[in-house]
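Hi,

Here is the structure I promised to pass on. Have a look at it first, and then read my notes below.

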Amino acid sequence: MVISRVRTLFMRSFSSLSLNPLRVCVVGSGPAGFYTAEKMLKMHQGAEVDIIDRLPTPYGLVRSGVAPDHPETKIVTNQFSRVAQNERCSFFGNIALGSSVSLSKLREMYHVIVLAYGAESDRVLGIPGEDLTGIHSAREFVWWYNGHPDCRYLAPDLNCSDTAVILGQGNVALDVARILLRPTGELASTDIASHALTALEETSIRKVYLVGRRGPVQAACTAKELREVLGIKDLCIHIQEADLVKTPADEEELKNNRIQRRVYELLSKAAMSGSSHHSSGQRELHFVFFRKPDRFLKSDNGSDHVTGVRFEKTVLKESGGSGKQVAVGTGQFQDLDCRLVLKSIGYKSVPVDGLPFDAHKGIVPNVGGRVLTNSSGDNIQMEGVYVCGWLKRGPTGIIATNLYCAEETVASISEDLEKGILACGPGLPKAGREGLLNLLEARNAKVIPFSAWKKIDNEEKRLGSLKNKPRDKLTTWEGLLKVAFE
């Protein structure tokens, strides 16, 4: 959208506000970003908050990460929409930290910067064959079926074999398995991307293997997610009963963790009833424990397509008196044939210029959300720069976890303002939104304000109504920008 029009939209709302407000910029419009903005607006009545995001669409993983058959989880966007439409808040879509505007420039224009841009990359296994065709990260696959424009053309081949292997047994892995195995008639009325629904309707995948390094006692999923995948209609569940045998160390783990105890109970029940209803052509879900990937296999005919995974069998051993059991290889190997592999081994945040980053932990070094100049433990604070969400704590937790995370970061900001650690006041004005608009105009950037996002939102809902869906997502950059700028 032409900057002059954007400026008119923004400035009309702010004409009556303080001339020298606390100027805050939140980078990232997912749950962490919106909860931070909401808390700042409530705790600091004179603050102006600008939210920038590299995508044309707000809401982060609520839009591109939450499974399409979990509409109740997406209701939180109503709350975020109200925040974005607060007269002291604005949304700058299609603006990327780094390429559109640097962190150093933002620091010149705002008193407070809160980085909440999440984790948009993936951990790697670092084993042979990881770059073979047919191997994707679970993040890419989730973005593909959720209509994220970066993965519109991922085109995972769901017809190359009847078997898919998912590495990992956390909630994301279970989401992916459920989407692959759930009857498409049940998905058709969700907001799943149309290209993904078509591919799933034509898929030849009938067997999905969920493979974990450790045992059922250590499975990283929650009972709710597990119950959902176990309840898929006409699905045959395979679990080796020998894998369910508990050691004294397992018993100790279960005694101290109610969630793990419930997950183990569900898996045990499924193992006892899973094999009694099998029929020809029925879809199958195999839980495979005590296996870690050693290498990906390919055929001898020169093709670079994955044909299987070689797993090393593992046993659990206590790690250095910590009480935690880790998987250790036994030197015994087993091959599993497949032509589709989805790695659900963790998301990873990416650094930006001028921002300290702990590559080992995949987070920005911080204490209570205050960004530190390095990760050496010196605790030297980077003035005015804070962090929230996955970038702060790593890719863990549910949407509500970001609420508590934001509360902690905003409390740190408030404390720094109160103590005078954070420079702000009439004598230290910052350009804020006006400065950002000037910079973006000079760079010919195409800003998507919240009003332009509402055009996208309305069009998706209109298209969805034609198919009995809540929305039919626009899934390409071109399509999103075209509607936004009409």
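Predicted model: local features only at pLDDT ≥ 70, side-chain atom pairs only at ≥ 80, totals over all residues.

I'd start with tyrosine 145, which counts as buried because its relative accessibility is 0%, and the cut-off for buried is under 20%. Tyrosine 145 is found in helix α6. Leaving aside neighbours within four places in sequence, tyrosine 145 is in contact with Pro68, Asp175, Val176, Ile179, Ile192, Ala193 and Ala196. The C-alpha atoms of tyrosine 145 and leucine 200 are separated by 9.5 Å, although the two residues are 55 apart along the chain.

Leucine 200 brings us to helix α9 (residues 194-201), whose buried residues are His195, Ala196, Leu197, Ala199 and Leu200. So Ala196, one of the contacts of tyrosine 145, is among the buried residues of α9. What covers these buried residues includes α6 (138-145), α7 and α8 (184-187).

In soluble globular proteins, nonpolar side chains tend to be buried together. Here the largest nonpolar core has 54 residues, and the members touching the most others are Leu180, Leu226, Leu285 and Phe287. Helix α7 (residues 171-181) gives the most to this core, with seven residues.

On to the strands. Seven of them form an open sheet with mixed pairing, in the order β3-β2-β1-β4-β18-β17-β16. At the edges are β3 (89-92) and β16 (366-367), each pairing on one side only. Helix α2 (residues 31-43) lies across β1 (23-27), β2 (48-52), β3 and β4 (112-115), and runs at about 175° to β2. Further along the sheet, β17 (residues 370-372) and β18 (residues 381-387) run antiparallel and are joined by two bridges. Arginine 370 has tyrosine 386 in β18 as its bridge partner.

There is a hairpin to look at too. Strands β12 (residues 306-318) and β13 (residues 325-337) run antiparallel, with 10 bridges joining them. Phenylalanine 311 has glutamine 334 in β13 as its bridge partner. Six residues sit between the two strands of this hairpin, and glycine 320 takes a positive phi near 50°.

Which residues lie nearest the centre of the second largest pocket? They are Lys74, Thr77, Asp457, Lys461 and Arg471, out of 20 lining residues. The volume of this pocket is about 420 Å³. Two or more lining residues come from each of α3 (61-64), α4 (76-84) and α16 (450-465), and the largest share, five residues, is from α16.

As for cavities, the structure holds one of 30 Å³ or more. The largest cavity has a volume of about 60 Å³, and its lining is made up of Leu55, Thr57, Pro58, Gly60, Arg63, Ser64, Asn146, Gly147, His148 and Pro149.

Cheers

Note on methods:
Residues numbered from 1 in each chain as written. Heavy atoms only, no water. Pairing = 2+ DSSP bridges. Helix = DSSP H or I, 4+ residues; strand = E, 2+ residues; numbered from the N terminus. Contact = heavy atoms within 4.5 Å. Axes fitted to C-alpha atoms, helices over the stretch in contact; angles between N-to-C directions. Core = buried A, V, L, I, M, F, W, Y, C linked by side-chain atoms within 4.5 Å. Buried < 20%, exposed > 50% of the residue type's maximum accessible area, 1.4 Å probe, protein only. 1 Å grid on protein atoms, 1.4 Å probe; cavity = no way out; pocket = protein on both sides within 12 Å on 5 of 7 lines; lining within 4 Å. Points joined across faces, edges and corners; volume = space filled by probe spheres on them.
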